[in-house]
Amino acid sequence: MKLNLKKINKSFDEKHILHDVSFNVESGRAMGFLGRNGSGKTTTIRCLMDIFKPDSGEILIDGEKFKPDNFKIGYLPEERGMYAKEKILDQLVFFCSLKGESKARSRKFATIWLERFGLLEHAKDNLETLSKGNQQKVQIIQAFLNEPDIIILDEPFSGLDPVNSQLFKDVIREEIKKDKMVIFSSHQMGYVEEFCDDITLINQGRILVNDDLQKIKLKMGEGKIRIEAAEMNRISLKEIISQIPGLSNESIDEDKISLIVTLKGMKNQELLFKLLSENVPISLFSTYQPALTDIFVKLVKENDQDLEKSNDIDSNFPDGKNLLEEKELHNA
């Protein structure tokens, strides 16, 4: 399956929340849906699930209008909504029956998943008697109860310890192998980076990128090299690199363990030969690929700056001229 959101717009009380939101999601691949608080993630998901009606735009699946009622959708919202004083098994059966399953099948699904997550012995306990982590596992279970075609997970790792996080990751990977469509939203970039094939980044209601994560990393790391030198401190290495033609101090950035150098008019082999000729004890010399956190911060900051400039220009052109028109005037 291929899900396609096309130019979705949504406003509340004259405040424009989503601006021509467009992106694709494919089954058999996990898509990380990223954005700061208030960026429009939840509104987009609610439009997708037909909780909110978009003001304009369309949602298609395999080229046809997407009708959520025609698909099994498993949804784990960030805001939890189960009943603290009800028995776990009873309410899982209730939630599954709301999705159209018979009581017998609902009980079967609930029992299977409780056993999978190590909670079968607590089936008759009230939810409030469980630890926070086990309560989270029950919340997760309700999203998988009816063998959903589309799985939407919003901050699913909240409250899980490392053992249960690994268990949950295994479950997600199994669902992906079953060709399920998985949309995963989280601020914990490490989890997204670990098993998401694609990412979609939204900022201030606008999509900044929707693509294969590895392609994005290669593109943003193009022309950059990561260097580490054994038995040499970073300051000494930086001094040597700053004196090499084709590089400049401005092209050198530091992270916790190495230097990241941007090549300007120099090939990788030339830089490596130059460092070796300076007797630099190279322990790592590789193509740089930025971490997802670095990608997120860079794209969001650039977009914020662009929007700020655009707003300034709009205020200077009250007759409605936009950024492109202003640039044309400047170049004339």
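This is a predicted model: local features need pLDDT of at least 70, side-chain atom pairs count only at pLDDT 80 or more; totals for chains, interfaces and linings use all residues.

Two residues are in contact when heavy atoms of theirs lie within 4.5 Å.

- The protein chain has a mean pLDDT of 87, with 91% of its residues at 70 or more.
- Among the chain's elements, strand β4 (residues 56–61) has the highest mean pLDDT, at 97, while helix α11 (residues 323–331) has the lowest, at 41.
- Over residues 317–332 the pLDDT stays under 50, and the model gives this stretch nine contacts beyond four places in sequence.

**Lysine 180 and where it sits**
- You'll find lysine 180 in the loop between α5 and β8.
- Is lysine 180 buried or exposed? Its relative accessible area is 14%, so it counts as buried, the cut-off being under 20%.

**Helix α5**
- Helix α5 covers residues 162–177, which makes 16 residues.
- From first C-alpha to last, α5 reaches 23 Å, close to the 22 Å expected at 1.5 Å a residue.
- After α5 comes aspartate 179, which has a positive phi, near 70 degrees.
- The buried residues in α5 are Asn164, Ser165, Leu167, Phe168, Lys169, Val171, Ile172, Glu175 and Ile176.
- What do the buried residues of α5 pack against? Their partners are β3 (30–34), β7 (150–154) and β8 (181–185), along with helices α3 (103–116), α4 (132–144) and α6 (189–195).

- In soluble globular proteins, nonpolar side chains tend to be buried together.
- Here, the largest nonpolar core has 52 residues, and Leu92, Phe144, Leu145 and Phe168 touch the most other members.
- Helix α2 (residues 88–98) gives the most to this core: six residues.
- Take leucine 145 as an example: not counting residues up to four places away in sequence, it touches Leu92, Phe95, Cys96, Phe109, Ala110 and Trp113.
- Another core lies apart from the largest one and has 24 residues, including Val25, Ile45, Ile59 and Ile61.

**Aromatic pairs**
- How many aromatic pairs does the structure hold? There are 13.
- One of them joins tyrosine 83 and phenylalanine 95: the ring centres are 6.1 Å apart and the planes are at 10 degrees, so the pair is stacked.
- Tyrosine 83 is in the loop between β6 (73–76) and α2, and phenylalanine 95 is in helix α2, so the pair ties together parts twelve residues apart in sequence.
- Tyrosine 83 counts as partly exposed, at 43% relative accessibility, whereas phenylalanine 95, at 16%, counts as buried.
- Then there are phenylalanine 157 and phenylalanine 184, with ring centres 5.8 Å apart and planes at 70 degrees, so this pair is edge-to-face.
- That pair links distant parts of the chain, 27 residues apart: phenylalanine 157 is in the loop between β7 and α5, and phenylalanine 184 is in strand β8.
- Both phenylalanine 157 and phenylalanine 184 are buried.
- Ring pairs also link Trp113, Phe117, Phe144, Phe157, Phe168, Phe184, Tyr191 and Phe195 into a cluster.

Note on methods:
Residues are numbered from 1 along each chain as its sequence is written. Side-chain values use heavy atoms; hydrogens and water are left out. A nonpolar core is a set of buried Ala, Val, Leu, Ile, Met, Phe, Trp, Tyr and Cys residues joined through side-chain atoms within 4.5 Å. Buried means under 20% relative accessible area, exposed over 50%, partly exposed in between (1.4 Å probe, protein chains only). Helices (H or I, at least four residues) and strands (E, at least two) are DSSP runs, numbered from the N terminus. The expected span of a helix is 1.5 Å times one less than its number of residues. pLDDT is the predictor's confidence in each residue, from 0 to 100. Rings of Phe, Tyr and Trp (its six-membered ring) pair if their centres lie within 6.5 Å; planes under 30 degrees apart count as stacked, over 60 as edge-to-face and the rest as tilted.
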